[in-house]
Amino acid sequence: MSQARLASCVPLPLENKVLVNVIEKAKDWALMHGVGMRDRKHFNKDVIQIAPFVLLPSPFPRTEFMKAVELQPVLNELMHKVAHDDQFLEQTLQNALQVDEFTKNLYDIWVKVRNEGITQSLCLGLFRSDYLMQRDGNKIKQVEFNTIASSFGAITSNLPAMFRYILRSMGYGDIIKNMPENRALSGLCAGIIEAYDLFGVPDSLVLFVVEEVSYNICDQRFHEFHITEARPDIMVIRKTLCEIYEETELNDKKQLLLEGKPVAVVYYRSGYEPAQYPSSREWDARLRVERSSAIKCPSIHYQLAGTKKVQQALAIPGALEKFMGAGASSGRVRDIFTGLYSLDFDEAGERALEMAIADAERFVLKPQREGGGNNLYGEDVREALLRMRHSRERAAYILMERILPPLVSGYVVRPGAPVPPPLTDLVSELGIFGVIIGTKDKIYSNRQVGHMLRTKLADANEGGVAAGLGALDSPYLLDM
Ligand SMILES: Nc1ncnc2c1ncn2[C@@H]1O[C@H](COP(=O)(O)OP(=O)(O)OP(=O)(O)O)[C@@H](O)[C@H]1O
Ligand SMILES: [Mg+2]
């Protein structure tokens, strides 16, 4: 039976006095456990404010949650294979490369290092597969698959404890059993540590590639804290791409040297969008890292495999079977796909274009970008397609069916917002984290390591938390 609204974990609305009181407690808990971010408007390194969060964990069907969890290793392996299929990547990206300079720059680096001979065949993937539920039937549909800088695994690992505290303090201690534990932080860090050990050079470094200014500092630092606590012998250093350009070099063994020591693992928390490469220096830095013996998280072909174009190409009949065989797994993966269409200049592309112009509300138009805020919705889809109809530019986009998730009711707690907040209609997006380590021919590790939930106002198009739109959340599992 279709269901447009999921039941909240406790009866709502809350009485005003209770609400004000519990929000004060929750904010203090959040601040004292790093559920925080730096303020974009009044940036000050001495100050961390609460990250936006929902006051109560949002409902999510247990069976769909478990489905996503179980699929993660399957998806990890699929993306690993896609990334290692040179021909598939080339074919899939060729039209987009002609009009999308950013993807072209990434692609050119990949071709260059391939032609020179790959120095490091091991790849480390810290992935996150994102899902919205389709309101009609409440089944998960994949929004996208992130292969670079998949964020919020660290902060969201703290959220079950925050919600346990909130629910207990409201007298609902008996229901906390319905919140799954989240070990994303330790799982992601274990991936970095395992890669470090496979690199196997004593006194080598882990290098985090970071933005000029990190607003999402808690999420990043928790990884660093966790690694150095688990493994005091591992030194973690944070550098921007520009600093990497200035401060690193390759030695004759192609080791990437920083402060005179070889880098074992490079973990990108930046480098996924054009603005993070303001000059040729950043691109040179990226090329140097890619040429080196360091294990990259991600290697550049993992990043290319995470493009929207690849996601769309995998939905073409036969594509999954090519990578996974015709068994049950490919059927399970196909089940989570929603309509995905190419806008190339061919018959299928024309059909998709006409379909979206006629009924724009049904679609999302996506360029080959990461980081949120790049997609078009509704009337903007029609306008953009009419404008690009005869231009090669359209090949840089894919068209995706819009997923309409069920509503949940809840309170969003934001820094600086009036208390109490209104009870609002929200929708939740689930992210499942996965770790994979391997070469083209051998996979050393492949597992699901945790989850995140981010929740946004039901009428908002996008819900990026770092972008200030979404709120951090954790699933409250429903047996429906
Ligand atoms: N098909 C869809 N139907 C409904 N909403 C969607 C769809 N695709 C994307 N969205 C919304 O837009 C947001 C951003 O889309 P997407 O994840 O594809 O872009 P991104 O730039 O890669 O984002 P991120 O920074 O999360 O990696 C999603 O989190 C979701 O809220
Ligand atoms: Mg993304």
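Predicted model: local features only at pLDDT ≥ 70, side-chain atom pairs only at ≥ 80, totals over all residues.

Residues are numbered from 1 along each chain as its sequence is written, chains are lettered from A and ligands numbered from 1 in the order in which they are written, and side-chain values use heavy atoms, with hydrogens and water left out.

**Ligand 1**

There are 24 residues around ligand 1, and E144, K308, K366, G372 and E429 come nearest; a residue is near if one of its heavy atoms lies within 4 Å. By type, the shell consists of twelve charged, six polar and six nonpolar residues. Here Asp, Glu, Lys and Arg count as charged, Ala, Val, Leu, Ile, Met, Phe, Trp, Tyr, Cys and Pro as nonpolar, and the others, Gly among them, as polar.

Domain 1 (16–338 + 409–478) and domain 2 (341–402) each contribute at least three residues to this shell; the domain bounds come from an automatic or database assignment. Strands β5 (123–134), β6 (139–146), β14 (363–367), β16 (397–401) and β20 (443–457) supply at least two residues each, and β6 gives the most, with three. Strands (E, at least two residues) and helices (H or I, at least four) are DSSP runs, numbered from the N terminus.

| Protein atom | Ligand 1 atom | Distance |
|---|---|---|
| E429, polar side-chain atom | oxygen | 2.6 Å |
| Y377, polar side-chain atom | oxygen | 2.8 Å |
| I403, polar backbone atom | nitrogen | 2.8 Å |

On its own, ligand 1 has 610 Å² of accessible area, of which the protein covers 94% (Shrake-Rupley method, 1.4 Å probe).

**Magnesium ion (ligand 2)**

E144 (OE), E144 (OE), N146 (OD1) and E370 (OE) coordinate the magnesium ion at 1.9 to 2.5 Å. Donors are N, O and S atoms within 2.8 Å of the metal (3.2 Å for Na, K and Ca), and sites may look incomplete because water is not among the atoms. Along the chain, the donors follow the spacing E-x1-N-x223-E. The arrangement is irregular because the six donor atoms subtend angles of 56 to 176°. Six donors count as octahedral if opposite donors are over 155 degrees apart and all others between 65 and 115.

**Backbone features**

The peptide bond between C297 and P298 is cis, with omega about 5°, and P298 sits in the loop between β12 (295–297) and α11 (300–305). Another cis peptide bond runs from V419 to P420, with omega near 0°; P420 lies in the loop between β18 (412–413) and β19 (424–438). N138, in the loop between β5 and β6, has a positive phi of about 50° although it is not a glycine.

How values were computed. Polar contact = N/O pair within 3.5 Å; in protein donor to acceptor, adjacent residues only side chain to side chain. Tetrahedral: all angles 85-135°; square planar, octahedral: opposite > 155°, others 65-115°.
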